[in-house]
Amino acid sequence: MPIRWRLTLFNTLAIGTIMLVSGLAIFFLLRAALLSSVEKTARDSALAAAKNVDSGEPLHLDEMRRLSLQGVFVVVRDGEGTILTRTGDLPDQAEGRDRVWQRALQSERPIGSTVHITEDAPAYVYAVPVEPQHGKARVVEAGQSYAVTERALETFATVLVGGGLSAFLLSIGGAYLLARAALSPVGAVVASARKITESDLSERLPVTNPKDEIGDLTATMNALLSRLEEAFGRREEVLGKERRFVADASHELRTPLTN
């Protein structure tokens with residue numbers, strides 16, 4: 001395989017590897033940030049609602065609507081799990097696979113977990129035990145679905161893959177052009193080297209950039225050509241002297257014979 005194509009392949013693989021690692025890193029960092037945001041929203045909402053219930057204040061309708069607009073649901077339960085208050089028309093979480101409220105009551109501490117309360121997407125639920133002076137409330141739950149986050153991640157992944165493939169294809173062309181530009185002095189050297197013959201050693205190879213490796217190699221080859229030219233010059237001089245000596249000797253030998 002020509003060096004040009006080997007350089008193109010190497011550069012393309014290197015760029016592709018960097019793009020793949022960078023893309024995966026960005027995707028997973030974004031995913032972690034979005035999931036963390038969902039969990040933080042649910043946790044903050046649960047703690048705020050639990051604080052209101054503990055203080056004996058009712059959950060304000062405006063606050064409930066604000067949470068609903070953010071995709072957050074709040075559920076207040078008694079010790080048996082019966083729903084006393086909740087935001088909107090939500091499925092009964094008591095039928096969920098993971099009863100977070102039960103674990104929170106048993107451990108007497110806040111607990112967060114991912115549960116499947118609908119078929120669309122899982123949700124993060126944070127349950128906080130409460131002990132109000134009045135009322136039957138014993139636990140407050142707040143949760144937010146991962147559906148919006150998952151759709152955002154799917155969209156981002158599609159854009160990332162499409163953009164990555166486009167950039168990878170462009171990198172192939174760019175790597176080839178870079179390899180051709182880097183090796184273009186070699187073509188000029190080869191063309192000049194073909195013009196050099198034994199009878200004409202005066203031709204010199206072009207040095208495009210004397211500071212790079214190809215320039216250094218070309219300068220070394222030019223120095224070698226100079227030494228060869230000098231050596232051939234001395235050889236021709238010696239051969240000329242020999243020819244003159246032989247001619248003079250032949251003349252001297254022929255002269256007595258003719259006399």
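These legends describe close-up views of a predicted model. Local features need pLDDT of at least 70 and side-chain atom pairs count only at pLDDT 80 or more, while totals for chains, interfaces and linings use all residues. Residues are numbered from 1 along each chain as its sequence is written, and side-chain values use heavy atoms, with hydrogens and water left out.

**View 1. Thr-12 in helix 1.** Thr-12 lies in helix 1, residues 3-54 (helices are DSSP runs of H or I, at least four residues; strands are runs of E, at least two; both are numbered from the N terminus). Thr-12 is buried, at 7% relative accessible area (buried is under 20%, exposed over 50%, partly exposed in between; 1.4 Å probe, protein chains only). Leaving aside residues up to four places away in sequence, Thr-12 touches Phe-168, Ser-171, Ile-172 and Ala-175 (contact is heavy atoms within 4.5 Å).

**View 2. Leu-20 on helix 1.** Leu-20 also belongs to helix 1. Leu-20 is exposed, with a relative accessible area of 53%.

**View 3. The largest nonpolar core.** This core has 18 residues (a core joins buried Ala, Val, Leu, Ile, Met, Phe, Trp, Tyr and Cys through side-chain atoms within 4.5 Å). Val-53, Tyr-124, Val-130 and Val-140 have the most contacts inside it. Helix 1, strand 1 (72-77), strand 4 (123-129) and strand 5 (139-145) each supply at least two residues. Helix 1 gives the most, with 7 residues.

**View 4. Val-53 and its contacts.** Val-53 touches Val-76, Val-130, Pro-132, Ala-137 and Val-140, not counting residues up to four places away in sequence.

**View 5. A second core.** A separate core of 11 residues includes Val-75, Trp-101, Ile-111 and Val-139.
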